[in-house]
Amino acid sequence: MLEKHGREGRYCLKRIYINEEYCIGCRLCEIYCQVKHSKSKKILKAFKKELPDMISRVLVEEIGCNSFAIQCRHCSDAPCVEACISGAMTKNPNTGVVNCDEEKCVGCWSCIMVCPYGVIKRDLSAKKAASKCDLCFDEEIPVCVKNCPNEALKYLDIKIKKD
Amino acid sequence: MTLKLKQSEFEILRDENKCISCEVCVRQCSNDVHEFDADSSAVSSESLNCVGCHRCEALCPTGAIKVKKRDLEFKENFNWSADQIKNIYRQAESGGVLLTGMGSDRPHTVYWDHLLLNAAQVTNPSIDPLREPMEIKTFIRGKPDSIKIKKSGSGSFKLEGRIPPHLELETPILFSAMSYGSISYNTCKSLAAAASESGTLYNTGEGGLHRKLYEYAGNTIVQVASGRFGVDKEYLSKAAAIEIKIGQGAKPGIGGHLPGEKVTFDISSTRMIPEGTDAISPAPHHDIYSIEDLKQLIFALKEAIDYTKPVGVKVSAVHNIAPIASGIVRAGADFIAIDGFRGGTGAAPQVIRDNVGIPVELALASVDTRLREEGIRHRSSLIVGGSIRSSSDVVKAIALGADAVYIATAALVAMGCHLCQKCYTGKCNWGIATQDPYLTKRLNPEIGIRRLKGLLHAWSLEIKEMLGGAGINAIESLRGNREHLRGINLSERELSILGIKHAGEAW
């Protein structure tokens, strides 16, 4: 499990935190997320050839001058994991990362219905699978964080709430 | 169809092979230059409103956009340059004073570029600043004419009397006055926090001090200007020093005008004026018509703060700057800030900015010389500003006689400013000179602070390198030491005003 969901041999105890005060609504996070999860991984090729099939797993929400980019929160009591009928959506007990195994996913989209943040999307190209943030498990820093020009997204150690 | 004489200043070249229609440029431009057409799902650009701020170019993920200066579109004419013609078109249409922002872009002589520094060879050793201690700590204060030392009974010595208050800076660079209103809160915060973390000072400008910035009181110079915005006992107490603003290099003799639309709730409460009203700084201080009047204000402020902080005066470099500075010293100012005519502004009439005042290099040299001749140079520190562009400008200014320098344009450039000179429109795409909540977010103070600190650190290192090369290990030894400067391509008269030898002249 760790090899698949965590970062090479390391526990992934980091999460993406949103600093909405400084989100400038440029949507570069969405663009780089699309490229990262495209087939070619190259921005020009991906946008010129694969466009209809590309889904951004991070979403910029905007009302007036307020905006923020949101992606899977990897909830501690992830309702999508509970709702998943095929056992595709799992929460890694070690890292807490919620991941969707696209092989197992049958495309019932129960997860989409229960997600309180609306950050799981239909992957229309695969016709069935659900698409969500995987924290770019093969990257040092998730691409949305890396390419945010105003550091409105941060990749930080999990904040532990003290009672 | 109306007659349109306005012409595009820039050309926007969009490489269609690279454009992915992601609309980042559309979202980033506050001048509505780029447009997305849903039918053709393509982005197109109308360059007429482009100000050349390069925001779109900087954020384009594929490098598809290039903003280029548009080629001269008028018949070539040495006398009637394209700028002259365009200004007349603009003016004939608006019927008003042409406004502009930032410092003058006219090709007047930049004297810094005509000054060369010295280095030690054979007869005195140069110093490696990475291995040897190098002191660039700077003090801003008026020094007493003499000090009295008392020998106590136990044989130790003690200073008698009171030493005037002083400012202690880790580096001889301060952030110059920029008001909250002309720049955004995030920009003010970046300057304040960077000054505090780098051991130097920033200046509030004339727009009052936001309450949230009180925590940086120890690194704040508060300004008292002709509009007296935001001035009260608390304002004066939340500062390390007070500066009376008489003039600004970009617009000597001209007041300020912050349009009512920019006076938001926050700005109105900081400036202590009603929301939505124009904030007008009169051209003169209506209570200062002479050096004696200035002295009254200086001492009124000193009284108000119980003589605990230095009080300085900022003037722009004008023709009679030397006698004016002499008067200011005699009026009791602890420091004088001289702003040269290439100094920046948030808004100024273009004709004033480009034609009034004198370069700060000449003003500094003549003031320093005059104060020395009169034997009063020690009574005030000199801070100069007005386009200090690099660490070498700092070193040259100090060698010419300055105690420290003020930087503002350089600080804004460090935070992303591209000198498009449209500060007065309030549409700054870089989130600096604006109050629009869509735009102010674009400057994350965390990034701003980091970059400003980086700039100060880099310049300080370079200053140390230059000092070391000249065989000096303390900036105090360079101050006013014009033997370290040589002029190049300067006339006899210019050299004599600058008080330096021409390159090639030895002792």
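In the predicted model, Leu364(B) is in contact with Ile338(B), Leu382(B), Val384(B), Ala397(B), Leu400(B), Gly401(B) and Ala402(B), leaving aside neighbours within four places in sequence; two residues are in contact if their C-beta atoms, placed from the backbone, lie within 7 Å. Leu364(B) is also among the residues with the most contacts inside the largest nonpolar core, together with Ile336(B), Ile338(B), Ile383(B) and Val405(B). This core has 180 residues. A nonpolar core is a set of buried Ala, Val, Leu, Ile, Met, Phe, Trp, Tyr and Cys residues joined through C-beta atoms within 7 Å. A residue is buried if 20 or more other C-beta atoms lie within 10 Å of its own, exposed if 12 or fewer, and partly exposed in between, with C-beta atoms placed from the backbone. The element that gives the most to this core is α14(B), with eight residues. Domain 1 (10–71) and domain 2 (148–502) of chain B both contribute residues, so the core lies between them. In soluble globular proteins, nonpolar side chains tend to be buried together.

The model is predicted: local features need pLDDT of at least 70 and side-chain atom pairs count only at pLDDT 80 or more, whereas totals for chains, interfaces and linings use all residues. Residues are numbered from 1 along each chain as its sequence is written, and chains are lettered from A and ligands numbered from 1 in the order in which they are written.

Chain B contains 15 helices and 23 strands, where helices (H or I, at least four residues) and strands (E, at least two) are DSSP runs numbered from the N terminus. The radius of gyration of chain B is 24 Å, close to the 23 Å given by the globule rule for 507 residues, so chain B is as compact as a globular protein of that length; the radius is taken over C-alpha atoms, and the rule is 2.2 Å times the number of residues to the power 0.38. Along the principal axes, the C-alpha atoms of chain B fill a box of roughly 95 × 60 × 45 Å. Of the 507 residues, 49% count as buried. Among contacts between residues at least 6 apart in sequence, 68% join residues at least 24 apart.

The division of chain B into domain 1 (10–71) and domain 2 (148–502) comes from an automatic or database domain assignment. The C-alpha centres of the two domains lie 38 Å apart. Their contact takes nine residues from domain 1 of chain B and seven residues from domain 2 of chain B. On the side of domain 1 that touches domain 2, three residues are nonpolar, five polar and one charged; Ala, Val, Leu, Ile, Met, Phe, Trp, Tyr, Cys and Pro count as nonpolar, Asp, Glu, Lys and Arg as charged, and the others, Gly among them, as polar.

Lys66(B) is placed in strand β4 (residues 65–69) of chain B. This residue is partly exposed, because 15 other C-beta atoms lie within 10 Å. Not counting residues up to four places away in sequence, Lys66(B) touches Leu13(B) and Glu57(B). Arg14(B) is 52 residues from Lys66(B) in sequence and 6.5 Å away in space, C-alpha to C-alpha.

Strand β2 (residues 34–37) of chain B runs antiparallel to β3(B) and is joined to it by four bridges; two strands pair if DSSP finds at least two bridges between them. His34(B) has Ser45(B) in β3(B) as its bridge partner. Four residues separate the strands of this hairpin, in which Ser41(B) takes a positive phi near 35°. In strand β3 (residues 42–45), Val43(B) and Ser45(B) form a covered face, and Ala42(B) and Ser44(B) an uncovered one.

An open sheet of three strands has the order β6-β22-β23 (chain B), with mixed pairing. Its edge strands, β6 (115–117) and β23 (501–502), each pair on one side only. Three antiparallel bridges link β6(B) to strand β22 (residues 485–487) of chain B, with Leu115(B) opposite Gly487(B).

Asp306(B), although not a glycine, has a positive phi of about 60°. Asp306(B) lies in the loop between α7 (291–304) and β17 (311–316) of chain B and is exposed, with 9 other C-beta atoms within 10 Å. Ser387(B), also not a glycine, has a positive phi of about 80°. Ser387(B) is found in the loop between β20 (381–385) and α11 (391–400) of chain B and counts as buried, with 25 C-beta neighbours inside 10 Å.
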